[in-house]
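Please brief me on this structure. Keep it short and group the points by topic.

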Amino acid sequence: MANSTAADRRKYWLYFLISFVIFAVMLVFFNQWFWVAMPFMLTFLVLALGYM
């Protein structure tokens, strides 16, 4: 698999931040459903750090 470019990593950081905000909102207001947003948040974090 090819290494991700800087533009890709910036995009993944943006996606991580958006999904983190959604995760935090769901954790506060819909705490029984917060786990639905968790896979997206963690996947984009791993992609942004360049580990996948």
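Of the 52 residues in the protein chain, 17% are buried. Buried means under 20% relative accessible area, exposed means over 50%, and partly exposed lies in between (1.4 Å probe, protein chains only). This is a predicted model: local features need pLDDT of at least 70, side-chain atom pairs count only at pLDDT 80 or more, and totals for chains, interfaces and linings use all residues. Residues are numbered from 1 along each chain as its sequence is written, and side-chain values use heavy atoms, with hydrogens and water left out.

**The chain as a whole**
- The secondary structure amounts to 2 helices and 0 strands. Helices (H or I, at least four residues) and strands (E, at least two) are DSSP runs, numbered from the N terminus.
- The C-alpha trace spans about 40 × 15 × 10 Å along its principal axes.
- The chain has an accessible surface of about 4100 Å², and carbon and sulfur atoms hold 74% of that. The areas come from the Shrake-Rupley method with a 1.4 Å probe; for residues, only the protein chains shown count as cover.
- Among contacts with a separation of 6 or more, 52% join residues 24 or more positions apart. A contact means heavy atoms within 4.5 Å.

**Helix H2**
- H2 covers residues 38-49, 12 residues in total. Its first and last C-alpha atoms are 17 Å apart, close to the 16 Å expected at 1.5 Å a residue. The expected span is 1.5 Å times one less than the number of residues.
- Met 41, Leu 47 and Ala 48 are buried in H2. They lie on the same side of the helix, because they cover an arc of only 135° around the axis. That arc is taken from the directions from the helix axis to the C-beta atoms.
- Helix H1 (6-29) is included in what covers the buried residues of H2.
- Pro 39 sits in H2. Pro 39 is partly exposed, at 46% relative accessible area.
- Gly 50 follows H2, and its phi is positive, near 80°.

**Aromatic rings**
- The whole structure holds 5 aromatic pairs. Rings of Phe, Tyr and Trp (its six-membered ring) pair if their centres lie within 6.5 Å; planes under 30 degrees apart are stacked, over 60 edge-to-face, and the rest tilted.
- One of the pairs is Trp 13 with Phe 16, edge-to-face at 5.9 Å centre to centre and 80° between the planes.
- These two residues are 3 apart in helix H1, so about one helical turn separates them.
- Trp 13 is partly exposed at 34%, whereas Phe 16 is buried at 13%.
- Trp 13, Phe 16 and Phe 20 make one aromatic cluster.
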